[in-house]
Amino acid sequence: MSRRSNPNADKPLHKTKGASREHRVIYVAVEGERTEVDYLTYLKKDLLDSKRITLHVLAKRNGMKPLEAVEHVLAQAEDPRRDELWAMFDRDQHEGIPQAFDKAGAKNVNLAYSSPSFDLWLLLHFTGFNSGQQSGSSAIVHEQLRRQPGFETFDIRGDKSVRNERVEALRNKHEAATRNAKKLANDCPTTTCSHDTGHDDRCPPLRRDPCTEVWQLLVSLKIIDA
């Protein structure tokens, strides 16, 4: 991979272009068209201090591939008000993950990457995850998630929404989710990754299995501390 494999490394999560203003503007392009959008809508409505931060969520009908999400948020780079650009995407069975990381690193786009999927981040609100490498499959994640209150029918008949009772089930658990997400780095096959430092620059994204770095976006949104 060119340059580095972790676009968020050594990159200020809080201050980039325009950050001298008290109010900050953040754009996030999401791969999915439902789950991630619902979750970010919940953050905007219930947890985000709108007097300090404006969050713009960018999505497309039928979703986007990882590199497409990076390119889509880059279209907002000319907005003089923007402070940060983010792309949120999953491992799933996508091709082009390393290329998406490379372009994000080259263009100063932060990544909220999850493997096998964003749904792991939802699961970590309730419990840790120690089922080993998933190779892009979310079957085990979904099986465990459906054991949690409010999520009993998640991904049954295509219902992957995060609304109503599911939002209530997630409420006040983002700190626990962050702790569980950080612990996953301890099991990364790249031995320089750790709970304290996260994934090392030299850790290829396809080896981060399982992982989720959604918590870094919540740090940037000032919902949690680093």
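Colleague: How much space lies in the largest cavity?

Modeller: About 80 Å³. Keep in mind that this is a predicted model.

Colleague: Why is this called a cavity?

Modeller: Because a 1.4 Å probe fits there but cannot get out. A search of the whole structure finds one cavity of 30 Å³ or more.

Colleague: What makes a residue part of the lining of the largest cavity?

Modeller: An atom within 4 Å of a cavity point. Residues that line the largest cavity include Ala181, His195, Cys211 and Trp215. The elements α7 (174–184), β5 (211–212) and α8 (214–220) each supply at least two lining residues. By class, the lining has four nonpolar, five polar and two charged residues.

Colleague: Which residues line the second largest pocket?

Modeller: Among them are Asp38, Lys45, Asp46, Arg163, Glu168 and Arg171. Asp, Glu, Lys and Arg count as charged, so these six are charged. The lining divides into three nonpolar, two polar and six charged residues. The volume of this pocket is about 190 Å³.

Colleague: Which helix gives the most to that lining?

Modeller: α1, with five residues. Both α1 (35–47) and α6 (165–170) supply at least two.

Colleague: What makes a set of residues a nonpolar core?

Modeller: The residues are buried, of the listed nonpolar types, and joined through side-chain atoms within 4.5 Å. The largest core has 41 residues. Val28, Tyr39, Met88, Trp121, Leu122 and Leu221 touch the most other members. A second, separate core of 21 residues includes Leu58, Met64, Ala87 and Val109.

Colleague: What is Val28 in contact with, leaving aside neighbours within four places in sequence?

Modeller: Its partners include Leu40, Leu55, Val73, Trp86, Met88 and Leu217.

Note on methods:
Residues numbered from 1 in each chain as written. Predicted model: local features only at pLDDT ≥ 70, side-chain atom pairs only at ≥ 80, totals over all residues. Heavy atoms only, no water. 1 Å grid on protein atoms, 1.4 Å probe; cavity = no way out; pocket = protein on both sides within 12 Å on 5 of 7 lines; lining within 4 Å. Points joined across faces, edges and corners; volume = space filled by probe spheres on them. Helix = DSSP H or I, 4+ residues; strand = E, 2+ residues; numbered from the N terminus. Buried < 20%, exposed > 50% of the residue type's maximum accessible area, 1.4 Å probe, protein only. Contact = heavy atoms within 4.5 Å.
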